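Dear colleague,

Please read them alongside the coordinates.

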Amino acid sequence: MTSLDPVLDKDGVRLTVEDAVATVTLTNPAKRNAQSPALWRALAEAGRALPGSVRVVVLRGEGRSFSAGLDRQAFTPEGLDGEPSFFDLARGTDAELDAAIAACQEGFVWLRRNDLVSIAAVQGHAIGAGFQLALACDLRVVASDVQFAMRETSLGLVPDLTGTYPLVGLVGYARALEICATGRFVQADEAERTGLANLVVPAEDLDAAVRDLAGALLAAPRDALIETKALLRDAPGRSYEAQRSAERAAQARRLRDLAGLSD
């Protein structure tokens, strides 16, 4: 499939597909790509709409900021138009509140699918929900003006859009706690040094750097990359011996496939 016509374009999210690369763009630069439940639903829909030919997903934001986080109107008693306010959600049962938060998370979780490699192209502000959206991706290429911050704790909340797991995995518990508890900015040099960023480039080179990385990923055979991603992603939850066993099983599948002996 080769088309630059949008597969989806709604609620601040646009999905385009060109061959094996899908691009998901946040399209509200006037509000620094502030997020809302409608945007999260659109992100989840983008994940469901991906053609099976897609191998790499690039997630980017229009304008000077990747995403400045949750739209602050959500914190008012009136809430966002057409959405229940946080105050309304808080009055629900535990099960209702859990289901509402889980639905919001669906916009983030698909970016970790084993059959895809997701790249966040991050410039300017990536705050709160914006930081967590970047963390939902497998890889992060960032502009030198990037500013990450996790502001939820400062607002009396916790990061709940799947960001805590990858953050601890990338920078360790102590630094993750300090970043979340203080809400401070993490600049590009620290992001690269601590592993939050795979690559830092000048802002004007961001798109080219992401294209180069996507091309390098596509050079690897798809099935081998899927197996490798699964091995690496699940390694932290396994013992050394269990990981050895997983490696053997994955390699056996690859050898049989290459020999034309797979089922």
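The largest pocket holds about 930 Å³ of space, where a pocket is an open set of points on a 1 Å grid over the protein atoms alone, reached by a 1.4 Å probe and with protein on both sides within 12 Å along at least five of seven lines, and where a volume is the space filled by probe spheres set on the points, which are joined across faces, edges and corners. Its lining, meaning residues with an atom within 4 Å of a point, comprises 34 residues, of which Trp40, Leu70, Phe75, Phe86 and Leu157 are the closest to the centre. Two or more lining residues come from each of α1 (37-49), α2 (86-90), α3 (94-109) and α4 (129-136), and α3 supplies the largest share, five residues; helices (H or I, at least four residues) and strands (E, at least two) are DSSP runs, numbered from the N terminus. By class, this lining has 22 nonpolar, three polar and nine charged residues, with Ala, Val, Leu, Ile, Met, Phe, Trp, Tyr, Cys and Pro counted as nonpolar, Asp, Glu, Lys and Arg as charged, and the others, Gly among them, as polar.

The model is predicted, so local features need pLDDT of at least 70 and side-chain atom pairs count only at pLDDT 80 or more, whereas totals for chains, interfaces and linings use all residues. Residues are numbered from 1 along each chain as its sequence is written, and side-chain values use heavy atoms, with hydrogens and water left out.

The second largest pocket has a volume of about 520 Å³, and of its 18 lining residues Arg112, Asp138, Leu170, Leu232 and Arg233 are the closest to its centre. Here β7 (139-143), α5 (164-171) and α9 (222-234) each give two or more residues, with α9 giving the most, five, and the lining divides into 11 nonpolar, two polar and five charged residues.

Best regards
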